[in-house]
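The entries follow in the order in which I looked things up.

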Amino acid sequence: MKFSTSSTELLKHLQIAGGAITNNPVLPILEDFLFTIKDNHLKITASDLDTTIITTIDIMAEKDGSIAIPAKILTETLKALPEQPITFEVDESSYNVTLTSAFGTYKLSGENGADFPETPTSSNVDEIEIPTDILSHAIINTIFATSSDDLRPTMTGVYFLFEDNKATFVATDAHKLVKYSHNITNESVSASFIMPKKALNLLKSSLASSPDVRISFNKSNAFFTFGNFQMACRLIEGRYPDYNMVIPVDNPNIMTIRRLDFLNSLKRIAI
């Protein structure tokens with residue numbers, strides 16, 4: 001198996017996918033990127049079993065196939081190379097990988113791609129399409145309020161609620177609560193789920209590349225697709241706290257203040 005691509009373009013995709021890889025994973029092969037080649041497209045997969053990221057890049061390949069390549073050493077090698085074409089050649093009997101560039105040849109020990117855990121499939125799912133800017137603002141404005149207490153796992157994520165042409169996002173750690181709502185076109189889907197914090201942080205850093213995001217979800221997993229990026233993550237099980245009970249409905253006390261004046265006052269007194 002042999003293919004060629006741009007070093008800079010490949011590194012960009014590896015850095016996106018690499019966010020899913022954790023230290024000391026459950027399976028040693030999860031320290032690798034899975035490279036799958038089909039019809040001159042390279043699909044790069046990284047996973048920690050809870051979160052899986054897939055990106056796709058166009059390449060020049062002689063044949064289809066798959067190989068698992070150590071993520072850390074490959075990424076560090078590409079970081080040390082300037083922009084140039086690079087060629088990967090895989091020995092399919094020993095799974096050794098030879099990377100050839102204008103500055104030298106590098107050999108890595110890969111693994112059989114067939115041993116990489118299977119990616120969750122989006123079967124029996126509901127789907128909704130949401131503008132990127134709405135989802136991005138929702139994540140930014142809620143994720144800071146999530147809890148880090150593993151004894152209350154539902155509070156460690158952000159609650160997504162779609163109903164009545166409105167998307168609502170809620171986060172709380174029992175001390176502070178944030179509810180972010182936005183109108184969307186959503187006539188057919190009425191559902192809710194709890195997204196884990198890690199997946200949302202990874203999603204937030206990749207959202208700028210597309211105007212809309214397609215979200216598919218079932219009882220156990222959520223799938224986000226936009227451009228050449230896909231992410232699958234395991235949802236947090238459990239019932240989210242009734243946040244509406246702690247939000248005042250008829251509160252007569254209202255104060256209006258200039259935002260920057262208020263912010264600067266807080267900065268001064270926080271010293």
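**Aromatic pairs**

I listed the ring pairs and found 14 aromatic pairs in the structure. The model is a predicted one, and I read every entry below with that in mind.

I took up phenylalanine 3 and phenylalanine 88. Stacked requires planes under 30 degrees apart. Next I looked up where the two residues sit. Phenylalanine 3 belongs to strand β1 (residues 2-6) and phenylalanine 88 to strand β7 (residues 85-90), so the pair ties together parts that lie 85 residues apart in sequence. I noted both phenylalanine 3 and phenylalanine 88 as buried.

I then looked up phenylalanine 160 and phenylalanine 193. They form a stacked aromatic pair, with 5.1 Å from centre to centre and 25° between the planes. This pair also links distant parts of the chain: phenylalanine 160 is in strand β12, phenylalanine 193 is in strand β15, and 33 residues separate them.

Are these two residues buried or exposed? Phenylalanine 160 has 1% relative accessibility and counts as buried. Phenylalanine 193 has a relative accessible area of 5% and is buried too. The cut-off I applied for buried is under 20%.

I also checked which rings group together around this pair. One aromatic cluster is formed by Phe160, Phe162, Phe169, Tyr180, Phe193 and Phe217.

**The sheet of 4 strands**

I traced the sheet that holds β12 and β15. It is an open sheet of 4 strands in the order β14-β13-β12-β15, and the pairing is antiparallel. I recorded an average twist of 15° from one strand to the next.

Inside the sheet I looked at one pairing. Strand β12 (residues 157-163) and strand β13 (residues 166-172) pair in the antiparallel sense over 5 bridges. Phenylalanine 162 stands opposite alanine 167 in β13, and phenylalanine 162 is also one of the residues of the aromatic cluster.

Helix α3 (residues 132-142) lies across β12, β13 and β14 and runs at about 170° to β14. Helix α4 (residues 197-204) lies across β12 and β15 and runs at about 85° to β15.

**The sheet of 5 strands**

I traced the sheet that holds β1 and β7 next. It is an open sheet of 5 strands with antiparallel pairing, in the order β5-β1-β7-β8-β9. Its edge strands are β5 (60-61) and β9 (104-109), each of which pairs on one side only. Strand β8 (residues 96-101) is joined to β9 by 6 bridges, and the two run antiparallel. Here threonine 98 stands opposite lysine 107 in β9.

I looked up the helices on this sheet as well. Helix α1 (residues 7-17) packs on the sheet and touches β1 and β7, and its direction makes about 90° with that of β1. Helix α2 (residues 71-79) packs on the sheet and touches β7, β8 and β9, with a direction at about 165° to that of β9.

**Threonine 146**

Threonine 146 is placed in the loop between α3 and β12. With a relative accessible area of 7%, threonine 146 is buried.

Which residues does threonine 146 contact, leaving aside its neighbours within four places in sequence? I listed Met155, Thr156, Gly157, Val158, Ala171, Thr172, Asp173 and Lys197. With lysine 197, threonine 146 makes a side-chain polar contact of 3.3 Å. A polar atom of the threonine 146 side chain also lies 2.7 Å from the backbone oxygen of isoleucine 143.

**Whole chain**

The chain has 5 helices and 18 strands, and its C-alpha trace spans about 75 × 50 × 35 Å along the principal axes. Of the 271 residues, 42% are buried. The accessible surface comes to about 15,300 Å², and 50% of that belongs to carbon and sulfur atoms. Among contacts between residues at least 6 apart in sequence, 65% join residues at least 24 apart.

How values were computed: Residues numbered from 1 in each chain as written. Predicted model: local features only at pLDDT ≥ 70, side-chain atom pairs only at ≥ 80, totals over all residues. Heavy atoms only, no water. Pairing = 2+ DSSP bridges. Axes fitted to C-alpha atoms, helices over the stretch in contact; angles between N-to-C directions. Contact = heavy atoms within 4.5 Å. Phe/Tyr/Trp six-rings, centres within 6.5 Å; stacked < 30°, edge-to-face > 60°. Buried < 20%, exposed > 50% of the residue type's maximum accessible area, 1.4 Å probe, protein only. Areas by Shrake-Rupley, 256 points an atom, 1.4 Å probe, with all protein chains shown as cover. Polar contact = N/O pair within 3.5 Å; in protein donor to acceptor, adjacent residues only side chain to side chain.
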